[in-house]
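Biologist: Can we go through this one together? I'll ask, you answer.

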Amino acid sequence: MFQPTEITPEHAVYSGHIPFVRFLLALSSGIIAGNLIAPAYAVYAILVTVCLGSMVVFLAMACLDRLRGCRYPGIPSVFFLLFLAASGWVRVWQPHPAVDATHFSRAGSTTLSGYIADEPSVRDRHIRFLLAVTHCKGADTLMGCSGTLMLTIRRDDRMERSPFAYGDRLVIPADYESVEPPYNPGEMDYRRYLANQHTWHQAYFPATDVYKLDSRGGHPLIAYALALRARMVAKFARCLSDSVALSVASTLILGYRAALSPELIDSFSVTGTIHVLSVSGMHVVIVCWLLAKLLGRMGGGTYGRITRLVLLLAGIWGYALLTGFSPAVLRASMMISIIMVATGFGLSHQRYNSIAASAFFLLWYHPNWLVDIGFQLSYLAVLGMVFLLPILQRLFRVRHPYLRPVTDYAAMSVAAQTGAGPLAAYYFHQFPLYFLPANLLIVLPVSAIMYLGFALLLLPYGEYLTWIGQLLEYLILLTYWLLDSMAQWPLARIAGIWMSWWENLLLYLAIILFVCACSGRNKRMLYGALGAVLLLGFSSSITESGKVGRHEVVLFNTGRHMAIGFVGPDDAWLYSDLPAADHPTIRFRVMPKLESAVAANRIHFIRKDRPYRDDQLYMRSGLIQFGDRRVLVYDGGKSYHGRLDVDILLLRNNPDVGVDELRRVFSFRQLILDGSNYDRTITRFTAEAKSAGIPVYVLKRNFAYVWPTEAPLP
């Protein structure tokens with residue numbers, strides 16, 4: 001009897017089997033172009049014309065081919081792919097202020113009104129959320145408008161923890177500003193991050209400047225889901241007394257990440273199990289399995305199967321709504337839904353086509369998810385499992401009934417890490433070495449935690465609920481203790497991984513070619529993999545050779561604070577007025593540059609006004625000697641006798657002197673003004689320095705000053 005053959009990565013995949021792969025590539029090309037090119041209304045109008053024209057031509061040619069016979073089957077598809085590419089480009093540009101004529105930034109207004117468009121993030125001193133602006137009010141007019149604004153509200157000690165919620169309609173002053181670009185090398189591009197959420201402006205107000213109208217904004221379904229999740233988190237809080245157990249349970253089961261501590265996140269990151277804290281495919285599969293068990297066969301016949309399918313889909317998407325519609329949950333929900341519908345109606349499905357279809361529909365809904373890190377890592381992990389898992393299972397066949405689940409899960413972890421690991425190392429500059437034993441160690445506790453968590457949420461209150469809560473808390477604390485202990489092992493991670501985007505592509509190319517070479521025993525692919533590895537090693541050696549003899553001074557832009565980095569071949573020093581090296585400003589603005597140059601344990605932090613001396617660096621009373629170069633930090637608070645020769649003079653805190661007076665005491669070749677100075681002080685010093693022919697650089701609202709000491713100063 002004929003047996004159908006399962007489609008595997010080793011089998012040939014024809015283009016007719018994977019139409020959504022072509023659709024996804026076309027749509028993604030337009031999205032990428034829209035992100036790389038600055039919006040312009042004239043180009044946008046041309047793109048809209050191309051979009052409409054290509055769709056009209058496609059429909060006309062498709063109808064003619066159906067009437068007269070398919071003579072040129074490839075031509076209509078070309079116009080459809082052109083339509084998808086132009087649509088992706090248009091959808092990226094559509095909400096931009098340069099294109100959207102109704103954007104609030106294009107209207108002269110005194111106040112703005114809108115509703116809270118996401119769940120507020122509450123911290124010690126502020127509350128932050130996206131405000132969807134719906135109306136602008138001028139001197140005597142009220143008009144509808146569009147756009148979103150990142151609003152930060154300063155909290156005082158008398159304010160309750162969270163007086164704002166999703167859907168609250170607010171009125172605020174129209175006192176906003178454009179989101180600033182990154183001002184330091186290696187700093188996170190917060191402007192790009194917000195732009196991916198169609199947000200280009202931000203505002204900062206005390207709570208007294210924000211007026212709440214009502215709570216009738218937003219989508220009622222999302223408001224209900226968030227309110228339901230808040231009640232479930234409150235139920236966890238009543239049953240779990242430990243804060244770590246509460247934060248893990250809320251995050252792992254409900255996707256509520258507000259209570260996660262940096263230490264807890266670090267323990268999961270170092271061990272390569274951070275995916276457990278991101279509600280993703282594993283969680284959706286568990287929910288689907290539980291629902292399927294609860295529904296059973298649910299009657300026979302066509303109507304019974306359809307009813308069961310509808311209930312399963314409703315449960316999956318209800319859980320996705322409850323967890324906040326993260327890209328990973330949407331990907332898993334979409335893929336499972338496609339497979340379930342195809343199986344329920346007796347349709348065949350191809351795995352790569354199902355993956356591409358889920359990505360296509362999600363990007364059509366939100367194009368900028370293509371550049372979202374979570375979206376990219378989620379799909380790469382799935383592609384790694386689909387591509388590599390069958391090969392690993394074939395190479396390491398285990399028939400023992402008790403060992404096979406362990407080896408299958410190990411193979412799945414290796415495949416997922418192979419798919420997502422290189423990109424995660426590119427973004428987060430580290431790679432966990434113990435990801436395999438850590439994942440094997442927690443698979444059973446995490447599954448038990450989810451089952452107990454769902455039971456705790458679904459069952460009514462009673463004495464047995466206390467027992468379930470105690471068992472759940474014990475399991476969570478045990479799992480956290482195991483992971484935290486593993487994170488302390490030597491060589492738990494490779495840190496300080498810095499690579500360019502094309503080096504990351506070379507790494508993926510080497511992995512793909514090597515796997516294909518081993519699977520198909522193809523020497524050419526093996527030679528290609530070796531060539532990619534050689535190119536990667538050559539690029540890395542060039543980067544390392546550039547560090548030989550390097551001496552670099554970086555005056556960071558940290559607002560009103562001071563941070564000066566001194567980078568040598570093997571060590572780096574940070575001189576700052578901030579209290580510690582783990583201060584958020586240093587961690588996010590300064591450390592990326594220093595950690596890209598030297599190992600994290602070779603960075604030495606030096607507090608302001610504390611003397612320091614070693615064989616490469618000397619600091620005392622604001623005077624810094626690094627090699628044969630000198631930097632002086634001057635704020636007018638100290639007096640100097642004689643004449644001091646320095647290369648860079650950094651002025652801070654509005655010194656009440658003039659350039660001519662400074663030149664009588666100091667001999668300097670570069671004047672730098674940081675953000676601690678008033679604008680009028682900066683204007684005065686800039687004019688005086690230019691009149692005296694002295695180069696001047698302003699750090700305020702400007703990029704950090706990076707000075708390689710090998711090069712002469714201007």
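Biologist: How many residues does helix α14 have, and what does it reach from its first C-alpha to its last?
Modeller: Helix α14 (residues 435-458) has 24 residues and reaches 33 Å, close to the 34 Å expected at 1.5 Å a residue. The expected span is 1.5 Å times one less than the number of residues. Helices here are DSSP runs of H or I with at least four residues, strands are runs of E with at least two, and both are numbered from the N terminus.

Biologist: What are the ground rules for the model?
Modeller: It is a predicted model, where local features need pLDDT of at least 70 and side-chain atom pairs count only at pLDDT 80 or more, while totals for chains, interfaces and linings use all residues. Residues are numbered from 1 along each chain as its sequence is written, and side-chain values use heavy atoms, with hydrogens and water left out.

Biologist: Back to α14. Where is the kink?
Modeller: At V443, shortly before the proline P445, with an angle of about 40°. The bend at a residue is the angle between axes fitted to the seven residues ending there and the seven starting there.

Biologist: And α1, what does that helix reach?
Modeller: Helix α1 (residues 19-36) has 18 residues and reaches 26 Å between its first and last C-alpha, close to the expected 26 Å.

Biologist: Which residues of α1 are buried?
Modeller: Among them are F23, L24, L27, I31 and N35. Buried means under 20% relative accessible area, exposed over 50%, and partly exposed in between, with a 1.4 Å probe and protein chains only.

Biologist: What do they pack against?
Modeller: The buried residues of α1 pack against α3 (74-93), α4 (190-195) and α11 (351-365). Contact means heavy atoms within 4.5 Å.

Biologist: How many aromatic pairs are there?
Modeller: The structure holds 27. One of them is Y434 with W489, edge-to-face at 5.3 Å centre to centre and 70° between the planes. Rings of Phe, Tyr and Trp (its six-membered ring) pair if their centres lie within 6.5 Å; planes under 30 degrees apart count as stacked, over 60 as edge-to-face and the rest as tilted.

Biologist: Where do those two sit in the chain?
Modeller: They are 55 residues apart: Y434 is in the loop between β10 (430-432) and α14, and W489 is in the loop between α15 (463-487) and β11 (493-495). Y434 is buried at 19% relative accessible area, and W489 counts as partly exposed at 43%.

Biologist: Which residues form the ring cluster?
Modeller: Ring pairs link F20, F23, F58, F80, F83, F360, F361 and W364 into a cluster.

Biologist: New topic, sheets. What is the strand order in the five-stranded one?
Modeller: The order is β15-β14-β13-β12-β25, in an open sheet with mixed pairing. β15 (603-607) and β25 (705-708) stand at the edges with a single partner strand each, so one side of each has no neighbour in the sheet. Neighbouring strands are turned by 15° against each other on average, direction ignored. Two strands pair if DSSP finds at least two bridges between them.

Biologist: How do β12 and β13 run?
Modeller: Antiparallel, with four bridges joining β12 (residues 552-555) to β13 (residues 563-567). L555 stands opposite I564 in β13.

Biologist: Which helix packs on that sheet?
Modeller: Helix α18 (residues 584-597), which touches β12, β13, β14 (572-576) and β15, and its direction makes about 160° with that of β14. Axes are lines fitted to C-alpha atoms, for helices over the stretch in contact, and angles run from 0 to 180 degrees between N-to-C directions.

Biologist: And the sheet of seven strands, what order there?
Modeller: That open sheet runs β16-β17-β18-β19-β21-β23-β24, with mixed pairing. Its edge strands are β16 (612-613) and β24 (696-698), each pairing on one side only.

Biologist: Last one, phi. Which value does H429 have?
Modeller: Phi of H429 is near 60°, a positive value in a residue other than glycine. Most residues other than glycine have a negative phi. H429 lies in the loop between α13 (404-428) and β10, and is partly exposed at 22% relative accessible area.

Biologist: What about S621?
Modeller: S621 has a positive phi of about 55° and is not a glycine either. S621 sits in the loop between β17 (617-620) and β18 (623-626), partly exposed at 38%.
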